[in-house]
Amino acid sequence: MHQIVTQMDIAASPERVWSILMDFSAYPQWNPFIRSLSGVAKPGEKLRVTIQPEERRAMTFRPRVLTAIAQQELRWLGRLGFPGLFDGEHYFQLTALSDGNTRFTQGEQFSGALVGLFLPRMEAAIKAGFDAMNRALKDRAEAKAAIDQDNPDLSEAPR
């Protein structure tokens with residue numbers, strides 16, 4: 001098994017970061033790596049994911065959701081061909097920090113007979129894609145957090 005893991009602290013709550021991750025329809029607006037994502041984030045459901053590492057062709061696959069715990073983790077398993085050939089277990093994990101911010105971890109565990117053949121040629125592009133997505137998520141979450149701080153909740157205003 002081989003694993004790629006990236007991590008970034010985000011100055012926004014886990015709830016805010018989670019809401020951005022779960023807004024699949026907005027991915028094309030902000031996500032430079034996962035260009036589209038559709039489906040239902042519920043264990044057992046299949047998603048449709050299109051990734052495009054920088055300077056690579058887009059790839060679309062249909063992973064099955066393994067875990068979806070609000071504000072904590074989304075995990076899916078994608079396969080190339082049949083099980084055991086080239087499998088990737090992708091995950092997003094959110095950890096609440098003591099200051100109210102979020103540590104965001106994105107990773108993938110690769111296994112299968114063809115991992116040793118294909119992954120070395122793709123690893124740098126995949127890691128760069130994870131890093132680019134992490135930065136874009138951080139920018140989006142922190143921008144929304146700043147807007148919310150400047151605009152008090154209107155639901156509490158007198159009508």
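**View 1. Lys127 and Asp131 pair up in a salt bridge, with 3.0 Å between the closest N and O atoms.** A salt bridge here is a side-chain nitrogen of Lys or Arg within 4 Å of a carboxyl oxygen of Asp or Glu. The two residues sit about one helical turn from each other, because they are four residues apart in helix α3 (residues 115-150). Helices (H or I, at least four residues) and strands (E, at least two) are DSSP runs, numbered from the N terminus. Lys127 is partly exposed at 37% relative accessibility, and Asp131 is partly exposed too, at 23%. For these labels, buried means under 20% relative accessible area, exposed over 50%, and partly exposed in between (1.4 Å probe, protein chains only).

This is a predicted model, so to speak of local features takes pLDDT of at least 70 and side-chain atom pairs count only at pLDDT 80 or more, while totals for chains, interfaces and linings use all residues. Residues are numbered from 1 along each chain as its sequence is written, and side-chain values use heavy atoms, with hydrogens and water left out.

**View 2. Arg79 forms a salt bridge with Asp87.** The closest N and O atoms of this pair are 3.4 Å apart. Arg79 is partly exposed, with a relative accessible area of 43%, whereas Asp87 is buried at 8%.

**View 3. Glu73, Arg75 and Glu89 are joined in a network of salt bridges.** Within it, Arg75 bridges to Glu73, their closest N and O atoms lying 2.7 Å apart. Both Arg75 and Glu73 are buried. Over the whole structure, the search turns up six salt bridges.

**View 4. Lys46, Arg48, Arg62 and Arg64 make up a positive surface patch.** Patch members have over 30% relative accessible area and no salt bridge, and like charges are joined within 9 Å. Accessible areas come from the Shrake-Rupley method with a 1.4 Å probe, and for residues only the protein chains shown count as cover. Lys and Arg count as positive, and each charge is placed at NZ of Lys or CZ of Arg. Arg62 lies in the loop between β4 (59-61) and β5 (64-69) and is partly exposed at 46% relative accessible area.

View 5. Val49 is buried, at 0% relative accessibility. Leaving out residues up to four places away in sequence, Val49 touches Ile34, Ser36, Leu37, Met59, Thr60, Phe61, Pro63 and Trp76 (contact means heavy atoms within 4.5 Å). Ser36 is 13 residues from Val49 along the chain, with 5.8 Å between their C-alpha atoms.

Definitions and conventions: Patches are made of residues with over 30% relative accessible area and no salt bridge: like charges are joined within 9 Å, nonpolar side chains (Val, Leu, Ile, Met, Phe, Trp, Tyr) within 5 Å.
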